[in-house]
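Work through the exercises below with the sequence and the model side by side. Try each task before reading its solution.

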Amino acid sequence: MYDVILHAFDWRYKDIEANAQRIRDIGFGAVLFPPPLYSDENGPEWWQRYQPRDYRVIRSYLGRKADLKRAVDALKKCGVRAYADVVFNHMANESRRDRFNFPGEAVLQRYTSVKESAGFKEDCLYGDLNEGLFSPDDFNKFGDISNYNNPWEVVEGSLGGLPDLEFCDKVVQQQRECLSALNGLGFSGYRIDALKHLPVAHLEAVFETEGMQDKFVFGEVLTFNDNQEATFLWPVMKTTDFPCYDFVLQETLRKAFAPSGSMRELVDPAALGQALPWYRAVTVAVTHDIPNNDGFRGVLLEPQDEYLAHVYLMGRDGGVPLVYSDNNQSAGRYPEDRDRWANAWQRHDITAMIRFHNAVHGTPQRALYEADGFLVFARGDRGIVAINKTSEWQHPVIWTRGVRQGKYRCQIHGHEMNVTGDTFVFAIPPREAQMWLYSGD
């Protein structure tokens, strides 16, 4: 089963529908949709999707319920799973007098107005739109988080004024009904936004229910250093069964590709606590928060290092790789980002990496050569990955035991080589990577 996830970051639903077959042909196994719950339909900014107004309505700048259903169905027809990004920690930060009533009196009036009631009926996911969803009693009263290193504040406080939902029966019931309705639309997995801001008991009450047993549910616990990982990520690993973004490995990659770092750290990072367990990891080189938020851009890899990191993540054994592909959302504020991730999902190098990943998926990994500046490892007996972070050619001599003898083809560059004898001399260009697949005798 193909498992690579395409993060279609802030894509319009019609674009996902139009590209469904191409997505499958490349080899993706799933698409992560933007948050589908009702948000400002006139707000083009990506962050609007992370400020839900109402769980019971599917409508946003990206499309309406019918558009979403067509996109999910198009993927399903092609054999690609649909995952939804769900925002259950908070609601929208809106400047109105009844800001802790959702969706608010003005929106409730729109639901029943002669002009708009038919449209909202079409976009209704579940429930009775004549009634409100949440009231002030359904929100935490602590106020904004001031110390992001304090676990209690992180759970009980609000993110920059976003109304923070309380762990209570009303909230849990609505979130369960929302997920059940999304399941009915055809979603087979969910990304939990801001997981570290939700109590573990809340997560279990909502996501560990009978209707969710066959769903792939993974969380975003945003961490960027050892202290944050120890405070927030590893406790989630110990107290829940949710897979999470492997920010531990992303940090290890940053260290390994730094001038003073060593590629030896990537031989088996999970054994040293430098990566999540393989069965609990969604592996990433970049996520949407990193380029789009000022506070996180410091952990962006250099473009060539990001390319090498993607080769490693697609080449290694372990984790579910996620490919981030946007529409230049960050380029308005950061011109250097223009076209860096736009259409990344169908870029030649990414498609080659996916082809390699799918060909060797499930086969064991073993190191063939390790050094501070470069790494060569095998996948089963028919795949070889070589990564060189240095500015010089590298020519390691590898033992060929356990590797098929014969012709190999590099999926990225199209070159061919013939592996013969007990040893073989590799040639790895500066700042480059190779993904070799056995092609015959």
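**Exercise 1.** Does C244 count as buried or exposed, and at what relative accessibility?

Solution. Start with the ground rules. This is a predicted model, where local features need pLDDT of at least 70 and side-chain atom pairs count only at pLDDT 80 or more, while totals for chains, interfaces and linings use all residues. Residues are numbered from 1 along each chain as its sequence is written, and side-chain values use heavy atoms, with hydrogens and water left out.
Next, the cut-offs: buried is under 20% relative accessible area, exposed is over 50%, and partly exposed lies in between (1.4 Å probe, protein chains only).
C244 has 0% relative accessibility, so it counts as buried. Now take C78. Its value is 15%, so C78 is buried too.
Last, look for disulfides, meaning pairs of cysteine sulfur atoms within 2.5 Å. A search of the whole structure gives zero.

**Exercise 2.** Describe the protein as a whole.

Solution. Begin with secondary structure. There are 13 helices and 19 strands. These are DSSP runs numbered from the N terminus: helices are H or I with at least four residues, strands are E with at least two.
The C-alpha atoms fill a box of roughly 80 × 45 × 45 Å along the principal axes.
Finish with burial. Of the 441 residues, 59% are buried.

**Exercise 3.** Which residues of helix 8 are buried, and what do they pack against?

Solution. Find helix 8 at residues 200-207. Its buried residues are H202, L203, A205, V206 and F207.
Now list their partners. They pack against strand 6 (81-86), helix 7 (169-185), strand 7 (189-192) and strand 8 (216-219). Contact here means heavy atoms within 4.5 Å.

**Exercise 4.** Where is Y50 found, and which residues is Y50 in contact with?

Solution. Locate Y50 in the loop between strand 3 (37-38) and strand 4 (54-60).
The relative accessible area is 8%, so Y50 is buried.
Set aside neighbours within four places in sequence. Y50 then contacts F9, P35, D85, V87, H90, R191, D193 and H288.
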